[in-house]
Amino acid sequence: MRCPYCSAPDSKVVNSRPSDEGASIRRRRECLTCARRFTTYERAQLEPLMVVKRSGPREAFNPDKLLRGLSLATEKRPVDPALLRAFAYGFEDDVQAAEIPSTEIGRRAMTFLRPLDDVAYIRFASVYRDFDSLERFIEEIRGLKGNGPEPEDG
């Protein structure tokens, strides 16, 4: 494993233990060159989850991309970043299919954000649903106030 600090090619494992209820292994490593420590996670990946984009092409699911969107929506909001990481990195494990439409990822993310923080939910919805008018934005906020229906596809 290459050291993230000095890019040395070798490191030694100092400690290993199961993580995520046995779904992955957490390894504490030490660089043999600079002696700094870092953590890696190892998990089995049988086949990558494929995301079907709105325009048609397919790409491998990237939890970092989902986490980035959630992080932008919750910026400066009282939402624990650990919850966002758990959702993004556990997302693939919850999907029981080989492919998922990108619209479904957005819908699930909105469902996840809704009980956590109204502002984060609206921020995410405004990008996901591509609000084209102030009226559409206000309509979404009214739906929140009235505990309207669950998020639907944009």
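How many aromatic pairs does a search of the whole structure find? The search turns up three, a pair being two rings of Phe, Tyr or Trp (its six-membered ring) with centres within 6.5 Å. The model is a predicted one, so local features need pLDDT of at least 70 and side-chain atom pairs count only at pLDDT 80 or more, while totals for chains, interfaces and linings use all residues. Residues are numbered from 1 along each chain as its sequence is written, and side-chain values use heavy atoms, with hydrogens and water left out.

One of the aromatic pairs is Phe 61 with Phe 91: the ring centres sit 5.3 Å apart and the planes make 20°, so this pair is stacked (planes under 30 degrees apart count as stacked, over 60 as edge-to-face and the rest as tilted). It ties together distant parts of the chain, since Phe 61 lies in the loop between β5 and α1 and Phe 91 lies in helix α2, 30 residues away. Helices (H or I, at least four residues) and strands (E, at least two) are DSSP runs, numbered from the N terminus.

Now for the helices. Helix α1 (residues 63-73) packs on helix α2 (residues 81-94) at about 150°, the axes being 8 Å apart; axes are lines fitted to C-alpha atoms, for helices over the stretch in contact, and angles run from 0 to 180 degrees between N-to-C directions. That makes α1 roughly antiparallel to α2 (under 35 degrees is roughly parallel, over 145 roughly antiparallel, 65 to 115 roughly perpendicular and the rest oblique). The contact, meaning heavy atoms within 4.5 Å, draws on Pro 63, Asp 64, Leu 66, Leu 67, Leu 70 and Ser 71 from α1, and on Leu 84, Arg 85, Phe 87, Ala 88, Tyr 89 and Phe 91 from α2. By type, the contact residues of α1 with α2 split into nine nonpolar, one polar and two charged (Ala, Val, Leu, Ile, Met, Phe, Trp, Tyr, Cys and Pro are nonpolar, Asp, Glu, Lys and Arg charged, and the others, Gly among them, polar).

Helix α2 also meets helix α3 (residues 102-113): their axes come within 12 Å and cross at roughly 140°. The two helices, α2 and α3, are therefore oblique to each other. On the α2 side the contact uses Leu 83, Leu 84, Phe 87, Phe 91 and Asp 94, and on the α3 side Ile 105, Arg 108, Ala 109, Phe 112 and Leu 113. Here the tally for α2 with α3 is eight nonpolar, no polar and two charged.

On to the sheets. β1, β2 and β3 line up in that order as an open, antiparallel sheet, where two strands pair if DSSP finds at least two bridges between them. The edges are β1 (11-19) and β3 (37-43), each with a single partner strand, so one side of each has no neighbour in the sheet. Neighbouring strands of this sheet are turned by 25° against each other on average, direction ignored. Strand β2 (residues 24-31) is joined to β3 by seven bridges; Arg 27 has Thr 40 as its bridge partner in β3, and Arg 29 stands opposite Phe 38. Five residues separate the strands in the β2 and β3 hairpin, where Ala 35 takes a positive phi near 65°.

The other open sheet runs β5-β4-β6 with mixed pairing. Strands β5 (58-60) and β6 (99-101) form its edges, each having a single partner strand, so one side of each is left without a neighbour in the sheet. Its neighbouring strands are turned by 30° on average, direction ignored. Three bridges link β4 (residues 50-52) to β5 in antiparallel fashion, and Met 50 faces Ala 60 across that pairing.
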